[in-house]
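Welcome to the tour. Keep your viewer open, and select each stop as we reach it.

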Amino acid sequence: MRLLLRYLRLAAKGQLRYRSTFYLTAFAQIAMPLSLLAGISLLFARFGTLGGWSMGEALLCYGVTQVAFALAELSSRGFDNFPSILANGEFDRILVRPRGLMLQVLGSRLDLSRFGRLIVGGIVLAWAAKGSGVEWTPLKAATIALMTLCGAVVFSSLFVLGAAFAFLTTDGLELVNIFTDGGREMAQYPMSIYERWLRLFFTFVIPFACVNYLPLLFVLGRPGTGPAYALLPLAGLAFALPCLLAWRAGTRRYVSTGS
Amino acid sequence: MIASLRAYGGLFRMRFLRGLSYRAAALAGTATQFFWGFILIMVYQAFAKAGGSPLGLSQIASYVWLQQAFLALIVVWFRDKELLSLIVTGDSAYELCRPVDAYAFWFARLAAGRLAAALLRCAPIVLVASLLPDPYRLHGPSSVPAGLAFLACLALGLLLIVAITMFAYILSVVTLSPNAAFMFAAPIYEFAAGMVIPLPFMPEGLRHVLELLPFRLCVDLPLRMYSGAIPASQAPLLLLQQALWIALLVPAGRLALGKALRSSQAAGG
């Protein structure tokens, strides 16, 4: 833990050296989700509803997803960058150091400009908490927190899974982006608008629905849902297990990339 | 003997896997675009089902699929990394030594790069999308004139986006920080061009403002021309509008690039 904080301090120092670049990337990190947000609110202004969801309700979905993704990106971006660590032999150096592997990979790249998305997501979430007209109880608030955290775990697990794939291919597979970036894109709208095959996949294979849509139904008090739905985000933790195992298997089988 | 065989075997496997993972990368890129396309179509159509949509369901599908198929022709972030590294390392000073006009040289290079990438990528997407069941199917153009107008708008749109993005390259010459220039431009362009949501979904006032800007002529115009959401009879006027913007931006860009390159000589080592 102390090491992680050191990594954070170093990253902050390093990135603030290039101050103008830092601010510009941070601006872009804010502008991208903002333009998306503008798009969503314009669509709601035009059509009023999205498959029976009001704007406040849908923005809860958007906010939870953005915050979860931002948290995952802030912490686990190193895994996203892992293929290049693997390809240039950096991983061999990591292996010989007497510290945890995952911690070092995590620390290899802490991109602080990603705070931009976190801020946008947080503001949207706060606004939607009011705009959705939910009558908040401690349980519901705790559910939202759990959704966000477990959502971040799911995104992080995907980053780790992508890194584990890199052991097989050395080159990064863009395919993982479908599930990280694509998953974010998809999970920010209520899952009910999608086709059945897509819903099933993102409930039972990659549990985005469990950390987002389904518990949100309970928070919004939709008929047929009960407090049990508040525990569903924990299924997201179950998803982390195979991803971590894949990572372990990858590190075990690793025989350097030469040069 | 056995050891050297093993080495060759290993080498072969490495090359093989490397080639495969490159092909996999191209495949994965297309797969990503399909996924993205499906999500966008489902979202827009879910909104449109509330009624009063200015775009029909199949017009939405064709808008999204063409957007994915011709991504390389219409997005800002498709950039020439080699040219950018030329700029950053200061090798762009050599461009001044060439007996050709640097602007024309870069322009041709950027346009060719985009065209090649689009030709590689568009075929599988157009083909598969036109075989999908409704409401996801990419139907043919609404009429023959609409199809021809779509191609003409796309072609002029390519020249226009190269003329627009050229300013990001010029800014890179000045700041030597290409990422910043593109990151700054992308969100603004994407919103104004109809990449975030199609222009017809926007309120009237905002739409009128955006129609005064050149950006939507690169994305919104060709994509809607195809499905007849913009009648083909308006094509001549809109093509003229594209041509005027090109005629305005190209000389301005050439002037700016000349200035930037002259003053960058000191920086390039």
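Start by selecting A:Val154. Leaving aside residues up to four places away in sequence, A:Val154 touches A:Ile206, A:Pro207, A:Phe208, A:Val211, A:Gly236 and A:Phe239. Here two residues are in contact if their C-beta atoms, placed from the backbone, lie within 7 Å.

A word on what you are viewing: this is a predicted model, where local features need pLDDT of at least 70, side-chain atom pairs count only at pLDDT 80 or more, and totals for chains, interfaces and linings use all residues. Residues are numbered from 1 along each chain as its sequence is written, while chains are lettered from A and ligands numbered from 1 in the order in which they are written.

Together with A:Val154, they touch the most other members of the largest nonpolar core, which has 151 residues. Such a core is a set of buried Ala, Val, Leu, Ile, Met, Phe, Trp, Tyr and Cys residues joined through C-beta atoms within 7 Å. Helix α7 (residues 144–175) of chain B gives this core its largest share, 18 residues. Helices are DSSP runs of H or I with at least four residues, strands are runs of E with at least two, and both are numbered from the N terminus.

Now show where the chains meet. The contact takes 33 residues from chain A and 28 residues from chain B. On the chain B side, α1(B) gives the most, with 15 residues. That side divides into 23 nonpolar residues, four polar and one charged. In this count Ala, Val, Leu, Ile, Met, Phe, Trp, Tyr, Cys and Pro are nonpolar, Asp, Glu, Lys and Arg are charged, and the others, Gly among them, are polar.

Stay in chain B and select helix α2 (residues 57–69). Eleven of its 13 residues are buried, so α2(B) is largely enclosed by the rest of the structure. Among the buried ones are B:Tyr63 and B:Trp65. A residue is buried if 20 or more other C-beta atoms lie within 10 Å of its own, exposed if 12 or fewer, and partly exposed in between, with C-beta atoms placed from the backbone.

Chain A has 13 helices and zero strands. Its mean pLDDT is 81, and 93% of its residues reach 70 or more. Confidence in chain A is lowest in helix α6 (residues 101–107), at a mean of 71, and highest in helix α10 (residues 196–205), at 87.

How values were computed: pLDDT = per-residue confidence, 0-100. Expected span 1.5 Å × (residues − 1).
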